[in-house]
Amino acid sequence: MSVIAELSGNVATIGYGLAAIGPAIGVGIVVGKTIESVARQPELQGRLTVLMYIGIAFTEALAFIGIATYFIFTQGQ
Amino acid sequence: MLPLLATADDTGDGPTFVGPSVEEFFPEPVLFIGSPFEMNRIMIIRVLVALIVILVFWLGTRRMKIVPTRFQAAIEYLLAVPRNIGTDLLGEKDGARFLPLLTTIFFVVISANFTGIIPPANIASTSLIGLPMILAIVSYVTFIYAGIKKHPGAFFKNALFPPGVPKPLYLIVTPIEFVSTFVLRPVTLTLRLLMNMLVGHLLLVLFFLATNFFIVELSGGWTAVGVGILGFAFAWSGFEILVAVLQAYVFTLLTAVYLQLALADEH
């Protein structure tokens, strides 16, 4: 069976691209909800901003692991 | 070696653009070559920035007056940032107890991040894994220590077996809790800081190399593109300043949050 299509290059880039979809949507939801809640109760802006940063930190965790997997799973120097 | 960006192949006879690679982060050693203390450009920058931070704070806090001079007022304003993080999340007593840790983490991260934007240095000191890892390990050991000291027998039991969960579900919940608390916290602290700084630096290098390529090596109409890319480089540098401050704030904030979670009393 002959080769119909061929893809060359670095699969890790595609892997990271796929891995980044989820955290991006997640961070968007967290920040959007914060903006919505500040619009409803502006006096809570300080506390809600702190909570937003904490939410972003946890949601972005998987995106960072996505970048690092290339370095973990190859035998590069 | 690990090329992160393939070189742009050019089958014609024009000049070729060579992008940045991971080799950016491993320059040649300059001092004490061959010994365990060999220092390359990045290590020298780290030592210099540590000395500068010590010098700035020493000058700002000696001969303090009740009515502060402008420099002392500026230092006080800066020191209030991690102090507010500590007291907002941990309360008065624990906030004061962990204030040295939070202040150190904040100022180490912010000064090491800033070296990525300052022209002579141009490499963020936190863009190699050593410095973020040390800070994350310090943060990790401190929150475990704080938790063990507060609830001597019950810290691990409460962390791994949260109360109020029906018994059979512990089979699922405990491994998740273990990985999330004891593995992911230091790993994500390290990687968040490292990756933000590494990617920012690579993009800055890419923009400046591209500007050089378009303006110097190609000629004619491409120079306009080069000037446009230089504009991007300036905009990205501004963004890097924001990211530097934000990453310092987030690292300190998360350390305080983990301490608060470790010190929390059970309902």
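## Helix α2 of chain A and Pro23(A)

Helices are DSSP runs of H or I with at least four residues, numbered from the N terminus. In this predicted model, Pro23(A) belongs to helix α2 of chain A, which covers residues 21-40. Pro23(A) has 19 other C-beta atoms within 10 Å and is therefore partly exposed, since a residue is buried if 20 or more such atoms lie within that distance.

When neighbours within four places in sequence are left aside, Pro23(A) contacts Thr59(A), Glu60(A), Leu62(A) and Ala63(A). Pro42(A) stands 19 residues from Pro23(A) along the chain, and the C-alpha atoms of these two prolines are separated by 27 Å.

## Interface between chains A and B

Twelve residues of chain A are in contact with twelve residues of chain B. On the side of chain A that touches chain B, the elements giving two or more residues are α3 (45-59) and α4 (61-73) of chain A. The largest share of this side comes from α4(A), which provides five residues. By residue class, this side of chain A divides into nine nonpolar, two polar and one charged.

## Largest nonpolar core

The largest nonpolar core has 44 residues. Those with the most contacts inside this core are Ile105(B), Val109(B), Phe251(B), Ala256(B) and Leu259(B). At least two core residues are supplied by each of the following: α4 of chain A, and α1 (41-61), α2 (70-97), α3, α4, α6 (170-217) and α7 (222-263) of chain B. The element that gives the most to the core is α7(B), with 13 residues.

The surroundings of Ile105(B) can be listed individually. Not counting residues up to four places away in sequence, Ile105(B) touches Leu135(B), Ser139(B), Phe251(B), Thr252(B) and Thr255(B).

## Positive phi angles in loops of chain B

Phe32(B) is not a glycine, yet its phi is positive, at about 50 degrees. This residue lies in the loop between β1 (29-31) and β2 (39-40) of chain B. Phe32(B) is exposed because 11 other C-beta atoms lie within 10 Å, and a residue with 12 or fewer is classed as exposed.

Asn122(B), likewise not a glycine, has a positive phi of about 60 degrees. Its position is in the loop between α3 (99-114) and α4 (130-150) of chain B. Asn122(B) has 16 C-beta neighbours inside 10 Å and so counts as partly exposed.

Methods:
Residues numbered from 1 in each chain as written. Chains lettered and ligands numbered in written order. Predicted model: local features only at pLDDT ≥ 70, side-chain atom pairs only at ≥ 80, totals over all residues. Contact = placed C-beta atoms within 7 Å. Nonpolar A, V, L, I, M, F, W, Y, C, P; charged D, E, K, R; others polar. Core = buried A, V, L, I, M, F, W, Y, C linked by C-beta atoms within 7 Å.
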